[in-house]
Amino acid sequence: MSAVWQASRAAVKRRRVQTIVIGLVVLCSTMTTVLALAVLTAASSPFDAAFARQRGAHVVATFDAAKTSEAQLTQTVQRPGVQAAAGPFGQAVIEIPQPWLWMAAGPLQVVGRADPAGPVDRVDLLAGRWATAPGEIVVNSPVGGASSRLLGSKLDVPGGPPLTVVGFATSMSKSAGAWVSPEQMTALHPTSFQMLYRFASAATSGQLQSELEAATAGQPADSLTHAQTYLSLKQAFSASADSYLPFMTMFGVLGVLVSVLIVGNVVSGAVVSGYRHIGVLKALGFTPNQVVAVYLGMISVPAVVGSVVGTLAGAVLEQPILKAAFAGVETGTATIGTTPWVAVACLLAMPTIVAIAALIPALRAHRLSAAEAISAGSAPKAGRGLLAQRKLGGTRLPRSVSLGLGQSFARPARAMLTMSAVILGVATVTLTTGLASTMVAAGNAGQHSGITQVLVEADGKTSGQSAAQLSDSQIEARLRALPGADRVTARAFTKVLLAGSTDTVFLNLYRGEPPAAAEQIVHGRWPSGPGEVAAGPGFLAQHGLAVGDRTVVYLSGKQLSVTVVGEEMLGNNQAMEADWATAAELVPDASAVEYAVQLAPHADGQAYVKGVEGVDPGLHSSLRIQSQNTASTVVISFSAVFTVLLAIVSALGVFNSVLLSTRERRRQLGMLKSIGMTPRQVVVMTVTSVAGLGLVGGLIGIPIGMVGHRLLVDHAGVLAFPESMKDVWHAPQLAALLLSGIVIAVLGALIPARSAARLTIATVLHSE
Amino acid sequence: MHKEYGDSKALDGASLEIRAGDAVAVMGPSGCGKSTLLNMVAGLDRPTSGTVEVNGQDLGQLNETGLALFRRKHIGMIFQFFNLIDDLPALDNVALAAQLTGTSARQARRRALELLDELGVADRKDNYPAALSGGQRQRVAVARALMNRPALLLADEPTGALDSRSGEQVMDLLIDLNQMGQTLLIVTHDPNLATRCANRLIEFADGKVARESTLEATA
């Protein structure tokens with residue numbers, strides 16, 4: 001065994017507690033980093049990842065079976081630009097006569113496919129098996145929505161044989177409501193064919209359009225009846241996920257940053273505290289390079305163990321955490337996860353970071369002579385620090401307190417190490433709690449506790465049922481007249497073309513009392529007159545608009561100049577909001593498709609819903625459950641996880657620093673005890689030595705966290721927070737945050753302090 | 001008293017009585033248990049069996065805090081390597097012992113200055129230990145030990161780290177203190193220190209008192 005390895009082993013054995021602390025810090029930091037990178041990779045493109053796993057269709061095209069044939073459609077597969085294609089599959093629309101499974105009565109689009117696999121749109125089976133024989137059906141289901149106990153359910157198709165559910169499946173391409181075998185499809189008399197395409201150029205809607213035109217160039221005119229692009233699905237996905245992906249990305253970056261800094265702090269502290277030992281090794285004849293090797297060897301043991309265990313723990317926690325984080329995102333059965341490189345990168349990077357952190361102070365020791373190294377840190381240099389300590393000794397503070405406070409001044413480098421750990425911890429806690437407060441406020445905006453809302457649908461499209469018979473104004477009047485109704489907002493919508501854009505956007509038109517969205521206007525006001533619109537930050541950013549700007553919308557040959565008068569907090573990226581007065585200019589015959597009814601406090605929601613049924617059988621109402629939105633839940637959950645993890649890492653940093661300090665002051669502590677310092681005074685002195693740093697660290701960390709919070713909420717992109725939601729800092733909260741710095745420091749110091757209080761005086765005093 | 005550390009016996013039936021005003025020197029070869037005896041008397045360690053009574057107080061009856069408070073009031077200690085706090089100047093090192101009892105900084109410093117003056121190092125009151133000679137450091141350490149007017153002053157090789165001239169000065173100091181009524185218990189290898197400063201000599205061997213004799217004061 002080489003002398004270097006032997007000395008390294010001896011150093012590890014002699015510094016068991018410190019080795020464990022370094023190992024724990026590396027473990028927690030690695031775990032945080034694994035989770036952070038997992039979030040970063042998953043958050044970067046969750047839709048793309050899930051879509052790619054299913055080889056989703058860039059375009060789901062529907063062709064009229066009366067105008068084209070299977071043979072003609074098969075030729076499209078060979079057309080230029082077509083990377084892969086599946087189909088043609090027979091497609092029919094069947095009627096669900098009455099509510100079935102979780103679906104309302106109405107039409108159901110069914111596609112005939114022999115199997116769920118294929119070059120495009122690899123449908124994931126969630127339960128049961130694929131339909132292979134006549135009389136069998138596989139139903140499209142949201143993940144988590146299907147249950148095996150529903151297998152075997154029967155669907156009586158008017159004019160056809162009953163279909164038995166043999167499986168539940170999901171498609172990222174949303175290619176069908178249900179699937180049957182090709183034989184069964186023939187029996188259902190398909191009226192159209194479905195083709196699923198993946199194109200070489202599919203980045204924009206323009207590319208998709210031209211690729212589709214090229215692919216279907218030889219087809220009879222008007223045979224293509226509908227084309228659904230993946231971009232519209234992605235847009236719908238983004239609307240829910242984009243609101244919190246920036247926050248999760250931030251948590252990832254923060255986690256990596258803090259972990260690396262704390263590891264550097266702890267490891268370099270360990271090496272600096274070992275200067276005396278380094279001097280002794282040099283005196284024994286170790287060469288400078290051997291000394292550096294001894295220290296790198298000593299640090300590498302906990303670094304490697306911590307990295308491996310941390311990576312494993314992170315990998316175990318990764319899936320449930322990502323599952324929770326992406327709970328609101330529809331991804332089919334595709335797992336939102338990370339690539340193996342995350343684990344590999346952490347396994348390689350963490351020990352490397354530790355080695356670099358150890359190498360910098362070790363190289364300094366490399367340059368020191370043996371005598372210099374032995375004396376380094378053994379006696380403080382006279383200066384302002386000692387003067388401060390002397391002044392403290394003259395104050396009215398209890399001596400154990402003034403001695404503790406003075407330690408920071410006597411050893412400023414050690415104090416800076418401790419304080420930097422506290423600053424990082426407090427900044428993290430400040431940032432994450434601020435974000436949580438902002439998100440809670442955002443989640444609660446427009447929600448009124450104790451108030452029930454009923455959504456009444458009039459056009460039957462969503463529920464798939466028949467439309468209402470009464471006129472728009474009659475419906476509104478009847479809904480207002482029903483017992484319990486307090487506020488009624490009618491909504492119609494139309495698609496318009498925005499000046500300078502090739503894509504159409506939705507224009508929502510509101511009548512009656514302003515909708516809940518009116519309470520979430522961040523800048524400006526809710527539209528109240530003709531030609532006034534409001535939109536969310538995503539929409540405004542996409543179209544280069546801001547509050548006060550004017551633009552033109554086009555519809556059926558008409559055009560209208562509109563002014564952006566308000567910006568919503570969150571808002572649909574594809575829609576603008578306007579008052580009904582705008583409808584008169586563009587769509588005079590607009591008719592509301594839905595009515596949001598806010599009931600009076602304590603009104604009976606169920607009774608109101610029942611009452612709506614009596615107004616018109618074509619009206620379909622549902623009670624709105626007011627719950628915290630997904631973005632709030634996810635951000636708050638992540639805040640909690642990362643706050644706890646990073647606070648632990650910070651406290652461990654403090655623990656390590658105090659432990660080193662206590663070791664160095666063993667003789668001093670022994671002497672103080674010999675002249676009558678009680679164990680309690682020892683604890684008070686040791687804890688005070690870091691509590692002061694905790695206080696200062698808090699004072700520095702809080703503004704850093706506040707600035708970070710401000711930068712983040714100001715640049716969230718798809719969310720625009722009003723000032724009231726950004727201004728989450730109040731005196732009690734700031735006091736609590738300041739306290740968090742002291743708590744982190746005190747928690748980290750408590751164990752070494754108690755151990756110092758139990759120090760056996762006789763042993764430390766009689767040895768030099 | 002008996003004291004065992006694992007299989008090794010540091011004290012093996014040591015019995016000793018020191019009267020107020022005595023100056024007792026304990027001598028013996030290394031490892032004979034004399035420093036362990038001093039630790040027991042100071043309440044820095046506890047015997048495996050037997051009792052230690054100082055100033056009428058059975059130390060075995062006190063918990064750690066009680067022992068600390070007892071040391072604070074009744075025991076003063078000086079060590080071979082001084083054990084001064086490097087971060088504090090001489091004056092504050094001395095004042096510290098009183099400040100721990102709750103004495104105000106002003107009062108403690110006043111008394112500390114008096115002691116430093118009596119011990120001849122008042123002019124070095126603002127110096128940090130690193131700037132003091134060995135003899136000066138030991139005088140500061142003695143001042144600190146006397147700060148709370150202890151009933152018993154314990155000295156563990158007080159001249160062991162000093163040159164002969166400084167050692168002589170410290171010896172003179174101890175003699176003066178004893179003549180003023182201070183009870184002393186000195187552990188040393190140095191026969192010169194023992195014979196000059198003590199009126200009783202206890203020779204220790206194998207963890208017990210081997211021989212005891214009365215000495216004539218030389219001062």
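Residues are numbered from 1 along each chain as its sequence is written, while chains are lettered from A and ligands numbered from 1 in the order in which they are written. Because this model is predicted, local features need pLDDT of at least 70 and side-chain atom pairs count only at pLDDT 80 or more, though totals for chains, interfaces and linings use all residues.

Let's start with chain A. Its secondary structure comes to 25 helices and 20 strands. Here helices (H or I, at least four residues) and strands (E, at least two) are DSSP runs, numbered from the N terminus. Of the 768 residues in chain A, 49% are buried. A residue is called buried if 20 or more other C-beta atoms lie within 10 Å of its own, exposed if 12 or fewer, and partly exposed in between, with C-beta atoms placed from the backbone. Two residues are in contact if their C-beta atoms, again placed from the backbone, lie within 7 Å. Among the contacts in chain A with a separation of 6 or more, 85% are between residues 24 or more positions apart.

Now zoom in on strand 2 of chain A, residues 82-96. This strand is largely enclosed by the rest of the structure, because 11 of its 15 residues are buried. Strand 2 pairs with strand 9 of chain A (residues 192-199) in the antiparallel sense, over 7 bridges; two strands pair if DSSP finds at least two bridges between them. In one of these bridges, Ala86(A) has Leu196(A) of strand 9 as its partner. Most residues other than glycine have a negative phi, and most peptide bonds are trans.

His189(A) isn't a glycine, yet has a positive phi of about 60 degrees. You'll find His189(A) in the loop between helix 5 (182-187) and strand 9 of chain A. With 11 other C-beta atoms within 10 Å, His189(A) is exposed. Met185(A), in helix 5 of chain A, counts as buried because it has 22 C-beta neighbours inside 10 Å. Although Met185(A) and Gly90(A) are 95 residues apart along the chain, their C-alpha atoms are separated by 6.3 Å. Leaving aside neighbours within four places in sequence, the contacts of Met185(A) include Gly90(A), Ala92(A) and Gly112(A).

On to chain B, and to helix 6 (residues 164-179). At 1.5 Å a residue, its 16 residues should span 22 Å, and its end C-alpha atoms are 22 Å apart, which agrees; the expected span is 1.5 Å times one less than the number of residues. Which residues of this helix are buried? They are Gly167(B), Val170(B), Met171(B), Leu173(B), Leu174(B), Leu177(B) and Asn178(B). Seen down the axis of helix 6, these fall within an arc of 160 degrees, so they line one face of the helix; the arc is that of the directions from the helix axis to the C-beta atoms. An α-helix has 3.6 residues a turn, so residues three or four places apart point the same way. On the other side of helix 6, Arg165(B) and Gln179(B) are exposed. The buried residues pack against several elements of chain B, including helix 5 (134-146) and strand 8 (183-188).

Finally, see how the chains meet. In all, 30 residues of chain B are in contact with 29 residues of chain A. Helix 2 of chain B gives the most to the side of chain B that touches chain A, with 6 residues. In helix 2 of chain B, Leu67(B), Ala68(B), Arg71(B) and Arg72(B) are buried. Viewed down the axis of this helix, they fall within an arc of 140 degrees, so they line one face. What covers them includes helix 21 (666-674) and helix 22 (679-714) of chain A, together with helix 1 and strand 6 (75-78) of chain B.
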